[in-house]
Amino acid sequence: MNAEAFPTLLRKWNSLKTTPWWPAVLLLLLQLTSGMQNIPQGAFFLIYMQEQLRQTPAAISGIVAGAYLVGMAAALLGGALTARLGSKWVIAGGLVFAGLCSLVFQTRSLWLAIPLWLIGSAGSALNTVGSASYLTRLRERGALGILSALYVLSMTAGGALGNPIAGVLIEQRGFSTFGWTAMGICGVALLFAALLSVHRQDRDAEAASLRAFWSSALSATRRAQGRLVVGMRCLPTIFYGMLTVLMPLLIFDATGSKVIVAAYGTVTLLVASATQLLAGRAADRWGGRRPTLIAYAGIVLAGLGLAVSAGTLWGLFVFGVLGTAAAWSLSTLMYVWVSDGISKPEHPSTFGLLHAVWNLSMISGSVLGGWFVHVAPGLPFLIAGLLNLGSFVLTFAYYGTTGKSD
């Protein structure tokens, strides 16, 4: 490289950093690399616990539930920290914890593996809260829907890329090599996080003491909009928690084929990803309320459909895919809800609370699904589907308070 080339590259780099879309690209790349590390790590940790640490399914389930609880607490703390420190530094801290979690594949001690995994759950929660708060500050309302869809899809795409890589590494090199690779990918994500800009209004509670943590983290519930959006997040997540646990088991019981279970996962991923993009585009065009109501209708229809067809393969496929697509669409629309009805200074605490609610709702859906499926295969879906009728009431009430009824 000659002497004149470096100043030219530097000018181009500085020009690139000033473009309005650059922060969004960085955030999407951050999500992509995080997904490559986090999603395969979550999947293969279960196998590692069973094969290498000789743990029973019941013990593994207990560890996973404990991780959800730690994630819930970390999400609440993450809301307070984001308001105090800013999104960028909370994201970076979450990625550091996620990288430390990858050391779990280097140990054969259960008592060391458990705290490492809990640290990783806390890191994932911090990253989620910080990234969500950063997202809603990137764009004005007009483009938030499609940006939110791309944001969620980038994590999914990272998992789709990371899973086969992880599988090959573990088959050929073992879990230890996979763990070091996951840590390296986390380092790349940290690089993207370091390039994120710092928003001027991103530290709304800079002077607040962390002794007021609970007050800051739960500030979203002090207003009607905060309580309503919590309900809108909770009810479909309970349904999705049931789907996540029960669908692979019911399909395998109906067919005895792991290939069909894998095919269900692939079809679900494709359909749900496309639906997220449609939901984001619809929110940009018509506002958040209409696509939200359509997605809740999909949840209710899927619940009723599974209630009457849970013993058939076609019913499990059709209504399972429908329910998952609707739930994923609502995950995209959540960012639009917050932007529509919650003031920007309250975004960090709101996202912290919503991620905590997600963890608690996933636990509730998993446990309730496990209880009721033994009575009748379709019963848990019937209960969760009917429960989501309340989501319509919450949505109308929420958008009635925001003044954005489409």
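Contact means heavy atoms within 4.5 Å. The legends below describe a predicted model, in which local features need pLDDT of at least 70 and side-chain atom pairs count only at pLDDT 80 or more, whereas totals for chains, interfaces and linings use all residues. Residues are numbered from 1 along each chain as its sequence is written, and side-chain values use heavy atoms, with hydrogens and water left out.

**Figure 1. Surroundings of Phe 381 in the largest nonpolar core.** Not counting residues up to four places away in sequence, Phe 381 touches Phe 239, Met 242, Leu 243, Leu 246, Met 247, Leu 250, Gly 303, Leu 306 and Ala 307. A nonpolar core is a set of buried Ala, Val, Leu, Ile, Met, Phe, Trp, Tyr and Cys residues joined through side-chain atoms within 4.5 Å. Buried denotes under 20% relative accessible area, exposed over 50%, and partly exposed the range in between (1.4 Å probe, protein chains only). The largest such core has 73 residues, and Leu 30, Trp 337 and Phe 381 are those with the most contacts inside it. Helix H9 supplies the largest share of this core, 13 residues. A second, separate core comprises 19 residues, including Phe 44, Val 104, Leu 110 and Phe 178.

**Figure 2. Packing of helix H9 (residues 224-255) against helix H14 (residues 379-387).** Helices (H or I, at least four residues) and strands (E, at least two) are DSSP runs numbered from the N terminus; the protein has 15 helices and 0 strands. The axes of H9 and H14 lie 9 Å apart at an angle of about 160°. Axes are lines fitted to C-alpha atoms, for helices over the stretch in contact, and angles run from 0 to 180 degrees between N-to-C directions. H9 and H14 are therefore roughly antiparallel to each other. Angles under 35 degrees count as roughly parallel, over 145 as roughly antiparallel, 65 to 115 as roughly perpendicular and the rest as oblique. H9 passes H14 in a left-handed crossing. A crossing is left-handed if the near helix is turned anticlockwise from the far one by less than a right angle, and right-handed if clockwise. On the H9 side, Leu 235, Ile 238, Phe 239, Met 242, Leu 243, Leu 246, Met 247 and Leu 250 meet Pro 380, Phe 381, Ala 384, Gly 385 and Leu 387 of H14. The residues of this contact divide into 12 nonpolar, 1 polar and no charged. In this classification, Ala, Val, Leu, Ile, Met, Phe, Trp, Tyr, Cys and Pro count as nonpolar, Asp, Glu, Lys and Arg as charged, and the others, Gly among them, as polar.

**Figure 3. Crossing of helix H4 (residues 87-101) and helix H5.** The two axes come within 7 Å and cross at roughly 155°, which makes H4 roughly antiparallel to H5. The crossing of H4 and H5 is left-handed. From H4, the contact involves Ser 87, Val 90, Ile 91, Gly 94, Leu 95, Phe 97, Leu 100 and Cys 101. By class, the contact of H4 with H5 has 12 nonpolar, 8 polar and no charged residues.

**Figure 4. Packing of helix H5 (residues 110-135) against helix H13 (residues 347-372).** The helices pack at an angle of about 140°, with their axes 9 Å apart, and H5 is thus oblique to H13. H5 passes H13 in a right-handed crossing. Ala 125, Thr 128, Val 129, Ala 132 and Ser 133 of H5 contact His 347, Pro 348, Phe 351, Gly 352 and His 355 of H13. These residues divide into 5 nonpolar, 5 polar and no charged.

Figure 5. Leu 354 counts as buried, at 2% relative accessibility. Beyond its neighbours within four places in sequence, Leu 354 is in contact with Val 229, Val 230, Arg 233, Met 334 and Val 338. Leu 354 and Ala 75 are 279 residues apart in sequence, and their C-alpha atoms are 8.2 Å apart.

**Figure 6. Ala 194 in helix H7 (residues 175-195) and Val 25 in helix H2 (residues 22-51).** Ala 194 is partly exposed, with 48% relative accessibility. Its C-alpha atom is 7.6 Å from that of Lys 88, 106 residues apart in sequence. Val 25 is partly exposed, with a relative accessible area of 29%. The C-alpha atoms of Val 25 and Phe 192, 167 residues apart along the chain, are separated by 9.7 Å.
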